[in-house]
Amino acid sequence: MNHSPFLNDDFDSLEGLADKIGEMLNCPITIEDSNHRIIAYSKHEENVDAARIATIVRRRVPENVINTLWKNGIMPKLFESDEPVVIPAIEKVGLGNRIAVSVRKNNEVLGFIWAQTDDEKFGEEKLLLLKEAAKIVKNQLLQHQLKRRKVEEDNQDFFWKLLTGHINKLNDIKREADRFGMKLDGSLAVVIIEFDKEVNQKIEKHSYYLTETLQNVQVVCRVFDENQLIQLIRLDSNEATIKDLKHFIYNFIERINERLQIGKVKGACGLIYQSPQQINKSYQEALKVLELKEQFPQELQNTYSYQELGIYQFLNDLYHIRTKEQYKNSAIEKLKEYDHKHQSNLLKTMKAYLECDNNVQEAAKVLHVHTNTLNYRLKRITEIADMDLKDPNQKITFYLDLKIEEMKSGDL
């Protein structure tokens, strides 16, 4: 096969190269970077499908298309091999018939070429041509990658200044943000993903890939600090809430566990602020969530945001106050004494009752006892501890002091 008409052309842009590939293969072509951001696409616009239109409009492949390609085993093949991959139409995400090939330098994936083939027949000759096209696109994507890395390195230095509070005057922040092309208007929060192992190159690449492809929030900047991926998130609208951040964290953890099977991954986020001056505060809050999740793994297993911590925000402070004062809750002391003397478990019963939000049926299930048995125990608790279970103040105080007792004894 003679490739000279293709290989001898001098292309000054990826757009021109996309047009040439589309002309020779007689189908629409899209060139993407390794994170599915569209770099160039051919002018061939006849009978284009919904997925191609959405990709061009958004300048990136829609998240539902990426997820489907992973679930169908397409993306693993593209990441593992430089051979073209035939992709049958997937109607539910608007994707017509495709053939794709990864653009690589050694084992590193720089990007992808996607050909919308429809009913076009791709024989061996065209598949070889697509592989040759990937070799030429490689040089252009390498230049693109170098530019992006330089921008990202500059951004990370500025990001660390924001995280540590070393730059906190609004005018200074705005001036630096303009210089680096970073959008810091609107709702901002810090999200941290923490791995339980040393971050290797594979984890780093997949993490960066996910920050680019999970699209319900915008990742303004990101940096690794030992085993933590720290991200500055900009929410798309004023109506966006902590729920959107939690959804992002949950999806990130789920996807990276699916693809790498790396075990325990924790996520946390600080509060949402409307000023970049508060980025340091959101960062400290996210760190606090991770610290408390380590300290209270069962209680905070499904907690991601500082807002959700509730009383756990203050528990360490209360612990130090109670310890300094050598304070003892008389109700807890009476129940401990009674349990020791009668080999009973009224303290455990009270804890379960409070943790089930005073729901007798739920607490009975946790304790594996009949509701009548639980009601009898609660009656005994009120008598022995001299407590009024209808008084929220007494119950809250008891629960906090019980947690502090557990912290002292190391039962947490």
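**Helices, sheets and single residues**

Colleague: Are α13 and α15 roughly parallel or roughly perpendicular to each other?

Modeller: Helix α13 covers residues 346-355 and helix α15 covers residues 371-385, where helices (H or I, at least four residues) and strands (E, at least two) are DSSP runs numbered from the N terminus. They pack at about 110°, with their axes 10 Å apart; axes are lines fitted to C-alpha atoms, for helices over the stretch in contact, and angles run from 0 to 180 degrees between N-to-C directions. Under 35 degrees counts as roughly parallel, over 145 as roughly antiparallel, 65 to 115 as roughly perpendicular and the rest as oblique. The two helices are therefore roughly perpendicular.

Colleague: What kind of model is this?

Modeller: Residues are numbered from 1 along each chain as its sequence is written, and side-chain values use heavy atoms, with hydrogens and water left out. Local features need pLDDT of at least 70, side-chain atom pairs count only at pLDDT 80 or more, and totals for chains, interfaces and linings use all residues, since this is a predicted model.

Colleague: By class, how many residues in the contact of α13 with α15 are nonpolar?

Modeller: Contact means heavy atoms within 4.5 Å, and here it is made by L346, T349, M350 and Y353 of α13 together with L374, R377, L378, R380, I381 and I384 of α15. Ala, Val, Leu, Ile, Met, Phe, Trp, Tyr, Cys and Pro count as nonpolar, Asp, Glu, Lys and Arg as charged, and the others, Gly among them, as polar. By class there are two charged residues, one polar and, as the answer to your question, seven nonpolar.

Colleague: Which strands stand at the edges of the open sheet of four strands?

Modeller: This sheet has the order β7-β8-β6-β9 with antiparallel pairing, and two strands pair if DSSP finds at least two bridges between them. Two of its strands have a single partner each, so one side of each is left without a neighbour in the sheet; these are β7 (218-225) and β9 (265-269).

Colleague: Which residue of β8 is the bridge partner of E194?

Modeller: Strand β6 (residues 187-195) and strand β8 (residues 228-235) run antiparallel and pair over eight bridges. In β8, the partner of E194 is Q228.

Colleague: At what angle to β6 does helix α10 run?

Modeller: Helix α8 (residues 201-213) lies across β6, β7 and β8, at about 165° to β7. Helix α10 (residues 279-295) packs on the sheet as well, touching β6, β7, β8 and β9, and its direction makes with that of β6 an angle of about 35°.

Colleague: Is H36 buried or exposed?

Modeller: H36 lies in the loop between β1 (29-33) and β2 (38-41), and has a positive phi of about 70° although it is not a glycine. Most residues other than glycine have a negative phi. Buried means under 20% relative accessible area, exposed over 50% and partly exposed in between (1.4 Å probe, protein chains only). At 1% relative accessibility, H36 counts as buried.

Colleague: And is D386 buried or exposed?

Modeller: D386 is found in the loop between α15 and α16 (392-409), and its phi is positive too, near 55°. With a relative accessible area of 62%, D386 is exposed.
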